[in-house]
Amino acid sequence: VSLRKQEIADRLNAWIIFNEKNKELCEWLTQMENKVAHTSDLNIEEMVEKLKKDCMEEINLFSENKTHLKQLGEQLITASNKTKETEINDKLKDVNDRWQHLFDHIEAR
């Protein structure tokens, strides 16, 4: 019985961490999307290049967070029912789509 309680507690903890990491990454993506979107008004090449460099540095830092979130999500998927599996997959897909959109937006500059 206590082993089962520990498994449940571990899964609950993993779910909490996954949601916190997802929220943190989504908030950062929103900030980056806003930062990148506001540069479309600028026509000064130097400003755009500096922003691109700054964005890429931040993206590289958050890349590890994205990888960790994906690993956590995959662990939760194997331990979850179909409903939770779909929810986790949707969150991971949303992060991946936004991540790719951010790269596409930066590269288009």
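1. Burial classes come first. A residue is buried under 20% relative accessible area, exposed over 50%, and partly exposed in between. Glu74 has 40% relative accessibility, so Glu74 counts as partly exposed. Please keep in mind that this is a predicted model.

2. Glu74 has a partner. Lys70 forms a salt bridge with Glu74, and their closest N and O atoms are 2.6 Å apart. Both residues belong to helix H2. They are four residues apart, about one turn of the helix. Lys70 is partly exposed too, because its relative accessibility is 41%.

3. How many salt bridges are there by the rule applied here? The count comes to eight. In general terms, side chains of opposite charge can pair when their charged atoms come close. The bridge between Lys70 and Glu74 is one example. Two others are taken up next, both in helix H3.

4. Glu87 takes part in both of these. Lys84 forms a salt bridge with Glu87, with 3.5 Å between the closest N and O atoms. Lys91 also meets Glu87 in a salt bridge, at 3.6 Å from N to O. Together, Lys84, Glu87 and Lys91 are linked in a network of salt bridges.

5. Lys84 and Glu87 are three residues apart in the helix, so about one helical turn separates them. Lys91 and Glu87 are four residues apart in H3, again about one turn of the helix.

6. Glu87 has a relative accessible area of 29%, so Glu87 is partly exposed. Lys91 has 23% and is therefore partly exposed as well.

7. H3 also has a buried set. Its buried residues are Ile88, Leu92, Val95, Arg98, Trp99, Leu102 and Ile106. Arg98 is the charged name to check in that list. Its relative accessible area is 18%, so Arg98 is buried under the 20% cut-off. A polar atom of the Arg98 side chain lies 3.3 Å from the backbone oxygen of Cys26.

8. The geometry of H3 holds up. The helix has 26 residues, so at 1.5 Å a residue it should span 38 Å. Its end C-alpha atoms are 37 Å apart, which agrees. At the N-terminal end, Asn81 caps the helix. A side-chain oxygen of Asn81 lies 3.1 Å from the backbone nitrogen of Thr83.

9. Next, the aromatic rings. A ring pair is described by the distance of the centres and the angle of the planes. The count comes to three aromatic pairs. One of them joins Trp15 and Phe18, with 5.8 Å centre to centre and 20° between the planes. With planes under 30 degrees apart, this pair counts as stacked. Trp15 and Phe18 are three residues apart in helix H1 (residues 2–38), so about one helical turn separates them. Both Trp15 and Phe18 are buried.

10. Another stacked pair is Trp28 with Phe62, at 4.3 Å centre to centre and 10° between the planes. This pair links distant parts of the chain. Trp28 sits in helix H1 and Phe62 in helix H2 (residues 45–78), 34 residues apart. Trp28 and Phe62 are both buried.

11. Which residues do ring pairs link into a cluster? They are Trp28, Phe62 and Trp99. Trp99 is among the buried residues of H3. Trp28 comes from H1 and Phe62 from H2.

12. Last, the empty space. Rolling a probe the size of a water molecule over the atoms shows where such space is left. There are two cavities of 30 Å³ or more. Lys66, Leu69, Lys70, Leu92, Val95 and Asn96 line the second largest cavity. H2 and H3 are the elements that give two or more residues to this lining. Lys70 is the salt-bridge partner of Glu74, while Leu92 and Val95 are among the buried residues of H3.

Technical notes:
Residues numbered from 1 in each chain as written. Predicted model: local features only at pLDDT ≥ 70, side-chain atom pairs only at ≥ 80, totals over all residues. Heavy atoms only, no water. Phe/Tyr/Trp six-rings, centres within 6.5 Å; stacked < 30°, edge-to-face > 60°. Buried < 20%, exposed > 50% of the residue type's maximum accessible area, 1.4 Å probe, protein only. Salt bridge = Lys/Arg side-chain N within 4 Å of Asp/Glu carboxyl O. Expected span 1.5 Å × (residues − 1). Polar contact = N/O pair within 3.5 Å; in protein donor to acceptor, adjacent residues only side chain to side chain. 1 Å grid on protein atoms, 1.4 Å probe; cavity = no way out; pocket = protein on both sides within 12 Å on 5 of 7 lines; lining within 4 Å. Points joined across faces, edges and corners; volume = space filled by probe spheres on them.
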